Amino acid sequence: MSMKYDVKEKLEWTVIFLFEFGHKYGLTMKQTFNYLSRFKGIDFIDRHYDYVHTQSFTSMVDDIAEYCRRQGGELV
């Protein structure tokens, strides 16, 4: 069952997530977006927003980083 979310709310959550992800890995916002786009992290967030936005940013940063690693991404 998919719920409809306010685009502004979803965008705001995603921008904060990008900031938190980049902060953890020492990336600029542009580098973060490019990495998450290339390794399907943004797509995962979009498809599973109903779940991801209910979790802590800390756990989602770790989970999405692991997801991207499985897609070929290599962050240390």
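Predicted model: local features only at pLDDT ≥ 70, side-chain atom pairs only at ≥ 80, totals over all residues.
**Entry 1**

I began with Arg 69, which is partly exposed, with a relative accessible area of 35%. The side chain of Arg 69 meets that of Glu 66 in a salt bridge, with 3.3 Å from N to O. Because Arg 69 and Glu 66 are three residues apart in helix H5, about one helical turn separates them. Glu 66 itself is partly exposed, at a relative accessible area of 33%.

I then followed Glu 66 to a further partner, Arg 70, and found their side chains joined by a salt bridge of 3.8 Å, N to O. Both residues belong to helix H5 and are four residues apart, about one turn of the helix. Arg 70 counts as exposed, since its relative accessibility of 56% is over the 50% cut-off. Through shared partners, the salt bridges join Glu 66, Arg 69 and Arg 70 into one network.

**Entry 1: a salt bridge in helix H1**

I looked up the total and found that the structure holds six salt bridges. Besides those already noted, I examined the one between Glu 12 and Lys 8, where the closest N and O atoms are 3.3 Å apart. Glu 12 and Lys 8 are four residues apart in helix H1, so about one helical turn lies between them. Glu 12 is partly exposed at 42% relative accessibility, whereas Lys 8 is exposed, with a relative accessible area of 55%.

**Entry 2: aromatic rings**

How many aromatic pairs are there? I find the count to be nine. In one of them, the rings of Trp 13 and Phe 57 have centres 5.2 Å apart and planes at 25 degrees, so I record the pair as stacked. Since Trp 13 lies in helix H1 and Phe 57 in helix H5 (residues 57-70), this pair ties together parts that are 44 residues apart in sequence. Trp 13 counts as buried at 9% relative accessibility, while Phe 57, at 25%, counts as partly exposed.

I next turned to Tyr 35 and Phe 39, an aromatic pair that is tilted, with 5.0 Å from centre to centre and 50 degrees between the planes. Tyr 35 is buried, with a relative accessible area of 11%, and Phe 39 is buried as well, with 10%. I then asked which residues form one aromatic cluster. They are Tyr 5, Trp 13, Phe 17, Phe 21, Tyr 25, Tyr 35, Phe 39, Tyr 49 and Phe 57.

**Entry 3: Thr 32**

A polar atom of the Thr 32 side chain lies 2.8 Å from the backbone oxygen of Thr 28. With neighbours within four places in sequence left aside, the residues in contact with Thr 32 are Leu 18, Phe 21, Gly 22 and Leu 27; of these, Phe 21 also belongs to the aromatic cluster.

Technical notes:
Residues numbered from 1 in each chain as written. Heavy atoms only, no water. Phe/Tyr/Trp six-rings, centres within 6.5 Å; stacked < 30°, edge-to-face > 60°. Helix = DSSP H or I, 4+ residues; strand = E, 2+ residues; numbered from the N terminus. Buried < 20%, exposed > 50% of the residue type's maximum accessible area, 1.4 Å probe, protein only. Polar contact = N/O pair within 3.5 Å; in protein donor to acceptor, adjacent residues only side chain to side chain. Contact = heavy atoms within 4.5 Å. Salt bridge = Lys/Arg side-chain N within 4 Å of Asp/Glu carboxyl O.
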